[in-house]
Amino acid sequence: MKNLQNILQEITQLTTDIETNYPELYRYLDENPLTLPTMDKPHMDKQVLESYLKSLEQLLRHHLETHQNKNN
């Protein structure tokens, strides 16, 4: 089971990878509805961060699948 620090580290690594290797995708991270809190002081816990990490992984996976299809 992952602890909070590991999840944050994975988010940081994945975000850095996207920023470095997929700049065309990185610019959309700030616009991702999943990253925009709807409250002034949103509650951030392990479950919320795990969900955010999964959304980043899905975003990258979708981008890679789409990009590969255009190159074939």
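Visitor: Before I go on, what are the ground rules for a predicted model?
Guide: Residues are numbered from 1 along each chain as its sequence is written, and side-chain values use heavy atoms, with hydrogens and water left out. Local features need a pLDDT of at least 70 and side-chain atom pairs count only at pLDDT 80 or more, whereas totals for chains, interfaces and linings use all residues.

Visitor: And T15 itself, buried or exposed?
Guide: T15 counts as buried because its relative accessibility is 18%, where buried means under 20% relative accessible area, exposed over 50% and partly exposed in between, with a 1.4 Å probe and protein chains only. T15 is found in helix α1, helices being DSSP runs of H or I with at least four residues and strands being runs of E with at least two, numbered from the N terminus.

Visitor: Which residues make up the largest nonpolar core?
Guide: It has 10 residues, namely I7, I11, L14, I18, L25, L29, L49, L53, L56 and L60. The elements giving two or more residues to this core are α1, residues 4-21, and α3, residues 46-71. A nonpolar core is a set of buried Ala, Val, Leu, Ile, Met, Phe, Trp, Tyr and Cys residues joined through side-chain atoms within 4.5 Å.

Visitor: Why is L25 called buried?
Guide: L25 is called buried because its relative accessible area is 6%. L25 lies in helix α2, residues 23-26, and, leaving aside neighbours within four places in sequence, L25 is in contact with I18, L59, L60 and H63. L25 and L59 are 34 residues apart in sequence, and their C-alpha atoms are 8.6 Å apart in space.

Visitor: Changing topic, how many salt bridges are there?
Guide: The structure holds one, formed by K2 and E10, whose closest N and O atoms are 3.1 Å apart. A salt bridge is a side-chain nitrogen of Lys or Arg within 4 Å of a carboxyl oxygen of Asp or Glu. K2 counts as partly exposed because its relative accessibility is 37%, and E10 counts as partly exposed because its relative accessibility is 24%.

Visitor: Last one, in which helix is confidence lowest, and in which highest?
Guide: Confidence is lowest in α3, at a mean of 87, and highest in α1, at 93, on the pLDDT scale, which is the predictor's confidence in each residue, from 0 to 100. The protein averages a pLDDT of 82, and 75% of the residues score at least 70.

Note on methods. Contact means heavy atoms within 4.5 Å.
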